[in-house]
Amino acid sequence: MRIPVSVTPFFMQKSFLQQLLNWQFRHSLAEGELDFLQGRFLGIDVGDVNLRWITTIQNGQLVVLQNAKADVWFRGNANDLLLVAARKADPDMLFFQRRLVIEGDTELGLEVKNVMDAIELDAMPTMLRTGLQQLAAFVEAGMKLDAKAAQARAGVSC
């Protein structure tokens, strides 16, 4: 994904991300559960695919920005963040393994994490939920194959 993301202009990334985020969080936005982001900036950095954006709330909608100073950053690789979103990995475990990093305003980071934890997979639009679960299954299968391959390498003790 690194190459397609790197050649896709930010305005196209922004359009896709805003539509996806506002679609996924439409109920939370309507109920005011994300109002704490008004005037605050959350950065997301998916380092292994060079995808980075900042989001905030403006006029009741999530807005994606490229050049703003984030109050808090969530950093991780695509596979780990995908597994967290699909509820296949525990974000706390990844945090303690330093595979998920939260930098900056930790209080804001915890508020974001709590909102994310409260989202039920069944509440996601079917198309998004199905795609997320299929991608997560693909990632999990690949991780298991990598683990088996590592055990079969020469020099590994029995």
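**Notebook: sheet and helices**

I started in strand 4, where Trp-73 is the bridge partner of Gly-43. Two strands count as paired if DSSP finds at least two bridges between them.

Before going on, I noted that this is a predicted model, with residues numbered from 1 along each chain as its sequence is written. Local features need pLDDT of at least 70, side-chain atom pairs count only at pLDDT 80 or more, totals for chains, interfaces and linings use all residues, and side-chain values use heavy atoms, with hydrogens and water left out.

**Strand 4 and its partners**

Which way do strand 1 and strand 4 run, parallel or antiparallel? I found that strand 1 (residues 42-46) and strand 4 run parallel, joined by five bridges. Along that pairing, I saw Asp-45 standing opposite Arg-75 of strand 4.

Then I looked at strand 5 (residues 100-104), which is antiparallel to strand 4 and joined to it by five bridges. Gly-104 in strand 5 is the bridge partner of Val-72.

I also checked how covered strand 4 (residues 72-76) is: four of its five residues are buried, so the rest of the structure largely encloses it. (Buried means under 20% relative accessible area, exposed over 50%, and partly exposed in between, with a 1.4 Å probe and protein chains only.)

In what order do the strands lie? I read the order as 3-2-1-4-5, five strands in an open sheet with mixed pairing. Strand 3 (61-65) and strand 5 are the edge strands, each pairing on one side only. From one strand to the next, I got an average twist of 25°. (Axes are lines fitted to C-alpha atoms, for helices over the stretch in contact, and angles run from 0 to 180 degrees between N-to-C directions.)

**Helix 4**

Next I turned to helix 4 (residues 78-85), which lies across strand 1, strand 4 and strand 5 and runs at about 120° to strand 1. At its N-terminal end I found a cap: a side-chain oxygen of Asn-77 lies 3.0 Å from the backbone nitrogen of Asn-79. (A polar contact is a pair of N or O atoms within 3.5 Å; within protein, one must be able to donate a hydrogen and the other to accept it, and residues adjacent in sequence count only if both atoms are side-chain atoms.)

I listed the buried residues of helix 4 as Ala-78, Asp-80, Leu-82, Leu-83 and Val-84. I looked up Asp-80 by itself, and its relative accessible area is 4%, so it counts as buried. What does Asp-80 touch, leaving out residues up to four places away in sequence? I found Leu-94, Arg-99 and Met-143. (Contact means heavy atoms within 4.5 Å.)

**Helix 6**

Helix 6 (residues 106-118) was next on my list. Its 13 residues reach 18 Å from first C-alpha to last, close to the 18 Å expected at 1.5 Å a residue. (The expected span is 1.5 Å times one less than the number of residues.) At the start of helix 6, I noticed a side-chain oxygen of Asp-105 within 3.1 Å of the backbone nitrogen of Glu-107.

I noted Leu-108, Gly-109, Val-112, Lys-113 and Val-115 as the buried residues of helix 6. Why do I say they line one face? Looking down the axis of helix 6, they fall within an arc of 160°, so they line one face of the helix. (The arc is that of the directions from the helix axis to the C-beta atoms.) These buried residues pack against strand 1, strand 4, helix 5 (91-96) and strand 5. On the face turned away from that buried side, I found the exposed residues Glu-107 and Ala-118.

**Positive phi**

Last, I went through some backbone angles. Most residues other than glycine have a negative phi.

- Asn-59 is not a glycine, yet I found a positive phi of about 50° there. Asn-59 sits in the loop between strand 2 and strand 3, and at 79% relative accessibility it counts as exposed.
- Arg-98 also has a positive phi, near 60°. I placed Arg-98 in the loop between helix 5 and strand 5, and its 73% relative accessibility makes it exposed.

**One more buried residue**

I finished with Ser-28 in helix 3 (residues 26-30). Ser-28 is buried, at 9% relative accessible area. Leaving aside neighbours within four places in sequence, I found Ser-28 in contact with Glu-33 and Leu-34.

How values were computed. Helix = DSSP H or I, 4+ residues; strand = E, 2+ residues; numbered from the N terminus.
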